[in-house]
Amino acid sequence: RRGKNQFINTLEYRYDLMKSRPVKVWKLKLRLGLQLAVFGDLGTAWDEGGQFTKNFIGGAGAGIRIMLPWIQMLRFDFAFGQSGGGLRTHVGTFEKAVYQRRRVR
């Protein structure tokens, strides 16, 4: 969806497989963790007020979160969105909300 205005939402639930803890890697002591996540996304983009409700799109999926120092987390996501779009994969860093704020609009 395209437009000068955006309304983006995400709801995410995470389950700790391995709580963040110090792990020795070579001669470094790093805090690492591992999480499973399920999420749902909903958003729209519009230029004029009447277009707000006409462009909504949603999606849902699951992913793995590897908690790392310096970049906060490494995300591997698998999701379904637009009808006919099929399964999509995404690899990203930072939490989704932080990543969305850093995007160039």
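Okay, ground rules first. Residues are numbered from 1 along each chain as its sequence is written, and side-chain values use heavy atoms, with hydrogens and water left out. Since the model is predicted, local features need pLDDT of at least 70 and side-chain atom pairs count only at pLDDT 80 or more, while totals for chains, interfaces and linings use all residues.

Let's start with the sheet. Strands here are DSSP runs (E, at least two residues), numbered from the N terminus. Five of them form an open sheet in the order 1-2-3-4-5, with antiparallel pairing; two strands pair if DSSP finds at least two bridges between them. Strand 1 (5-25) and strand 5 (87-93) are the edges, each with a single partner strand, so one side of each has no neighbour in the sheet. On average, neighbouring strands are turned by 15° against each other, direction ignored; the axes behind that are lines fitted to C-alpha atoms, and angles run from 0 to 180 degrees between N-to-C directions.

How many bridges join strand 1 to strand 2? There are 18, and the two strands run antiparallel. To pick one out, arginine 21 has leucine 32 in strand 2 as its bridge partner.

While we're in strand 2 (residues 28-46), have a look at leucine 42. Leucine 42 has 42% relative accessibility, so it counts as partly exposed. (Buried is under 20% relative accessible area, exposed is over 50%, partly exposed is in between, with a 1.4 Å probe and protein chains only.) Setting aside residues up to four places away in sequence, leucine 42 touches Phe7, Ile8, Asn9, Phe56, Ile57 and Gly58, where contact means heavy atoms within 4.5 Å.

Over in strand 4 (residues 72-80) sits alanine 79, which is buried at 16%. Its contacts beyond four places in sequence are Phe39, Ala60, Gly61, Gly86, Leu87 and Arg88.

Now the rings. The whole structure has four aromatic pairs. Rings of Phe, Tyr and Trp (its six-membered ring) pair if their centres lie within 6.5 Å; planes under 30 degrees apart are stacked, over 60 edge-to-face, and the rest tilted. Take tryptophan 46 and phenylalanine 52: the ring centres are 4.7 Å apart and the planes at 90°, so this pair is edge-to-face. Tryptophan 46 is buried at 15% relative accessibility, whereas phenylalanine 52 is partly exposed at 27%. Ring pairs also tie Phe7, Trp46, Phe52 and Phe56 into a cluster.

Last up, the charges. There are five salt bridges in the structure, each being a side-chain nitrogen of Lys or Arg within 4 Å of a carboxyl oxygen of Asp or Glu. Glutamate 12 pairs with arginine 14, with the closest N and O atoms 2.6 Å apart. Glutamate 12 also meets arginine 65 in a salt bridge at 2.8 Å, N to O.

Put together, Glu12, Arg14, Arg65, Arg75 and Asp77 are linked in a network of salt bridges.

Terms used:
Helix = DSSP H or I, 4+ residues; strand = E, 2+ residues; numbered from the N terminus.
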